[in-house]
Amino acid sequence: MLIEFTKMHGLGNDFMVIDLVTQRLELTKELISLLGDRHMGIGFDQLLVVEPPMRPDVDFRYRIFNSDGSEVEQCGNGARCFARFVQARKLSFKQRIRVETKSGILTLTTDNYGWVEVDMGKPRFEPDEIPFTPKAITKIQNAYHLDVEGTPVQLYVANMGNPHAVIKVDDILTADVETLGKAIESHPAFPERVNVGFVQVMNQRHIRLRVYERGVGETQACGTGACAAVATGIREGWLDEGEEIRAQLYGGSLLIRWSPGYSVMMTGPTAFVYEGIFSPDGIMAQAGLKPPA
Ligand SMILES: N[C@@H](CCC[C@H](N)C(=O)O)C(=O)O
């Protein structure tokens with residue numbers, strides 16, 4: 001049995017996308033982490049799976065797996081690619097697509113130039129909504145002080161469907177993303193682990209951001225991470241509410257808008273890389289260079 005897949009990316013956050021509306025495949029954690037292996041498999045940050053909806057008021061079910069095989073609630077860059085993929089594969093002819101995820105419904109709106117706007121829903125900031133359960137909560141306004149392997153770290157928390165910690169830094173180029181990101185990602189205060197964003201505020205409408213993603217490591221870009229950083233920045237008064245904020249990541253920029261009480265709106269590009277087939281028994285993948293038009 002051969003399974004067709006498409007390789008895509010959103011600002012370098014790369015995805016393997018599989019249509020399980022017209023194909024059948026049993027997904028196991030082992031298979032996903034093998035497919036996600038950049039040396040032994042196909043390689044991706046996330047696997048995105050398109051499934052038929054489980055409720056009548058949406059178009060698809062959108063499932064997301066990190067490259068370590070863990071299933072997660074949300075992926076912003078993936079949501080944009082998902083919309084382009086279902087159109088390219090002619091699974092939908094709509095410009096506005098509603099999808100159900102583990103953490104709720106997303107509305108995806110495509111334009112004719114490969115950009116997609118996603119209504120990411122409302123951010124949540126309460127510790128039990130993250131979830132964030134530090135042994136002792138030391139909090140000054142909205143900032144928490146966490147002991148990370150003996151080092152005190154000041155961070156903010158936000159849930160964008162998935163959990164995020166946000167750390168404000170002077171310069172993202174010198175931020176210790178690898179060591180600190182890894183230690184916070186699996187810190188006991190985050191029982192479901194966490195994505196860790198390092199944000200540098202350039203001005204009231206521009207941030208630079210690096211994200212150490214849960215279940216992956218540092219990626220070129222993280223859509224939910226950018227939304228969490230912008231929502232935190234607006235809540236803290238670093239950024240302008242209701243205005244277009246440019247979130248600049250290694251892979252490029254996203255445009256994000258938020259006013260407290262409303263959904264976070266994220267707009268950004270998508271790209272097809274190639275299409276391929278693989279055999280789930282032995283991963284013997286074959287890739288063609290012709291992505292859909
Ligand atoms: N790259 C994503 C986020 C993917 C999920 C994340 N690693 C998690 O475990 O929550 C994005 O663009 O939002």
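The questions and answers below concern a predicted model.

Residues are numbered from 1 along each chain as its sequence is written. Because the model is predicted, local features need pLDDT of at least 70 and side-chain atom pairs count only at pLDDT 80 or more, while totals for chains, interfaces and linings use all residues.

Me: Which domains give residues to the shell around the ligand, and where does the ligand lie?
Reply: Domain bounds come from an automatic or database domain assignment. Domain 1 (3-121 + 270-288) and domain 2 (127-262) both give residues to the shell, so the ligand lies between them.

Me: Which helix gives the most to the shell around the ligand?
Reply: Helices (H or I, at least four residues) and strands (E, at least two) are DSSP runs, numbered from the N terminus. Of the 19 residues around the ligand, N77, N162, R214, G223 and T224 come nearest, and the elements that give two or more residues are helix 2 (76-88) and helix 4 (223-235). The one that gives the most, with three residues, is helix 2.

Me: How many residues of the shell around the ligand are polar?
Reply: Ala, Val, Leu, Ile, Met, Phe, Trp, Tyr, Cys and Pro count as nonpolar, Asp, Glu, Lys and Arg as charged, and the others, Gly among them, as polar. The shell has four nonpolar and three charged residues, and its polar residues number twelve.

Me: Is Q154 buried or exposed?
Reply: Q154 lies in strand 11 (residues 151-159). A residue is buried if 20 or more other C-beta atoms, placed from the backbone, lie within 10 Å of its own, exposed if 12 or fewer, and partly exposed in between. Q154 has 12 C-beta neighbours inside 10 Å, so it counts as exposed.

Me: How many of the eight residues of strand 14 are buried?
Reply: Strand 14 covers residues 206-213 and is mostly covered. Its buried residues number seven.

Me: Over how many bridges do strand 13 and strand 14 pair?
Reply: Two strands pair if DSSP finds at least two bridges between them. A hairpin joins strand 13 to strand 14 through two residues, and V196 has Y212 in strand 14 as its bridge partner. The pairing of strand 13 (residues 195-203) with strand 14 is antiparallel, and its bridges number seven.

Me: In which sense do strand 14 and strand 16 run, parallel or antiparallel?
Reply: R208 has Q248 in strand 16 as its bridge partner. Three bridges join strand 14 to strand 16 (residues 245-249), and the two run parallel.

Note on methods. A residue is near a molecule or strand if its C-beta atom, placed from the backbone, lies within 6 Å of it.
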